[in-house]
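I opened a new page for this chain today and jotted down what I looked up, entry by entry. Have a look at the model first, then follow along.

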Amino acid sequence: MLWVLRRIGISIALAWLVATIVFMTLHMVPGDPAELLLSTGGTMPDPAAVAELRERLGLERPLLEQYGAFLSGLTRGDLGVSLIDEYPVLEEIALRLPRTLELILAGTLLSVVVALPAGTYAALHRGGAFDRIASGLAALLLAVPVFVVGTLLILVLAQMLRIMPAGGYVALADDPLRHLTLLAMPALAIAKGLSAVLFRMTRASVLDSLSRDYVRTARAKGLTARRVLVHHVVRNALTPVLTVLGLHMGTLLGGTVLVEYVFNWPGLSTPLLRAVEARDYPMVVGIVLTISGLFLLINLIMDLLYAALDPRIRAA
């Protein structure tokens, strides 16, 4: 229990550190944010409008006071309002975040279902035809950018074969079948890189476990091959695989922007790109902090899974 509380405490401290870095980065950017927001076509904005916007953003207050108000707002879940349409940032994120998470979870699930059995089988039949073909395919998938894969999927499945829609979004409650159909191709595009990484990591981890003394001891005791594989090989091989999975799931939170854009999936990428282009700082900060917080949460969950798989970690 003490180990769990320590990990939670570390995650909270990291969240505070990320929030502080984001706040300080915004205030280190050269120029007046109010002038940058109001500048159009290279012309200088009206000084009265600049002063009004500075007052609205709280830029007239001392830096320490702004920092305190920033942290206080975060603890209340107040991320401010968008400077584009004055829509609450938190409500915009709450609307779009589930769609991005659904896309990430679908791609991750597809990757795990394919990569773990394939990596294990390739390790058990090292040097065989399946091992060589799967390893070559994994290297190819890692080399091809995700937007290229997305474009090829649209070209082949939507334009040439006409068996899948090119993109779009329909709510699950409105049309479940249509929703899953529209989800399939972007999930495949996301899964291509993660499945290749998980396959290679699973294969390497299983090969390493097969060479350990405890596996030879288990076989010498007369345990069945299935029991040795499940209880001694795979279980010990999962810890490094979970490490890679946790890191890449966090990376996918920021890496789905291209996939959502290619397939017109209305997740976090749309408000993020619009906010960056329009210098909508509250929206940018809100989305960046949300992605960072989810990254920390994913890593905390992975740490707890490590402890469940290997009790020695809790004693460390």
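Predicted model: local features only at pLDDT ≥ 70, side-chain atom pairs only at ≥ 80, totals over all residues.

**Entry 1: H179 and its surroundings**

I started at H179, which touches E102, Y169, V170, A171, L172 and W265 when residues up to four places away in sequence are not counted; contact here means heavy atoms within 4.5 Å. H179 lies in helix α8. Helices are DSSP runs of H or I with at least four residues, strands are runs of E with at least two, and both are numbered from the N terminus. Is H179 buried or exposed? I found it buried, because its relative accessibility is 1%. My scale calls a residue buried under 20% relative accessible area, exposed over 50% and partly exposed in between, with a 1.4 Å probe and protein chains only.

Residues are numbered from 1 along each chain as its sequence is written, and side-chain values use heavy atoms, with hydrogens and water left out.

**Entry 2: the whole chain**

I stepped back to see the chain as a whole. The C-alpha trace spans about 85 × 55 × 35 Å along its principal axes. Of the 316 residues in the chain, 38% are buried. Among contacts with a separation of 6 or more, I noted that 74% join residues 24 or more positions apart.

**Entry 3: helix α1**

Next I took helix α1, residues 2-28. Its 27 residues reach 39 Å from the first C-alpha to the last, close to the 39 Å expected at 1.5 Å a residue; the expected span is 1.5 Å times one less than the number of residues. Which residues of α1 are buried? I wrote down W3, S11, A19, T20, V22 and F23.

**Entry 4: two partners of α8**

I then went back to α8, residues 176-210, and looked at how α7, residues 146-160, meets it. The two axes come within 9 Å and cross at roughly 140°. The contact uses V146, V149, G150, L153, I154, L157 and A158 of α7, and M185, L188, A189 and K192 of α8. By class, I have nine nonpolar residues, one polar and one charged in this contact. Here Ala, Val, Leu, Ile, Met, Phe, Trp, Tyr, Cys and Pro count as nonpolar, Asp, Glu, Lys and Arg as charged, and the others, Gly among them, as polar.

Helix α5, residues 89-124, packs with α8 at an angle of about 35°, their axes 5 Å apart. For both pairs, I used axes fitted to C-alpha atoms over the stretch in contact, with angles running from 0 to 180 degrees between N-to-C directions. The contact of α5 with α8 holds 22 nonpolar, eight polar and two charged residues.

I picked T120 in helix α5. At 14% relative accessibility, T120 counts as buried. Leaving aside neighbours within four places in sequence, I see T120 in contact with T202, V206, L229 and V234.

V206 came up again when I checked R235: the two are 29 residues apart in sequence and 9.3 Å apart in space, C-alpha to C-alpha. R235 is found in helix α10, residues 225-255, and is partly exposed, with a relative accessible area of 39%.

**Entry 5: salt bridges**

How many salt bridges are there? I count four, taking a side-chain nitrogen of Lys or Arg within 4 Å of a carboxyl oxygen of Asp or Glu.

- D131 pairs with R203, the closest N and O atoms being 2.7 Å apart. D131 lies in helix α6, residues 129-143, and R203 in α8, so the pair ties together parts that are 72 residues apart in sequence. D131 is buried at 4% relative accessibility.
- R212 bridges to D208, with 3.0 Å between the closest N and O atoms. R212 is partly exposed at 40%, and D208 is partly exposed at 37%.
- D78 meets R76 at 3.6 Å, N to O. D78 is partly exposed at 42%, whereas R76 is exposed at 57%.
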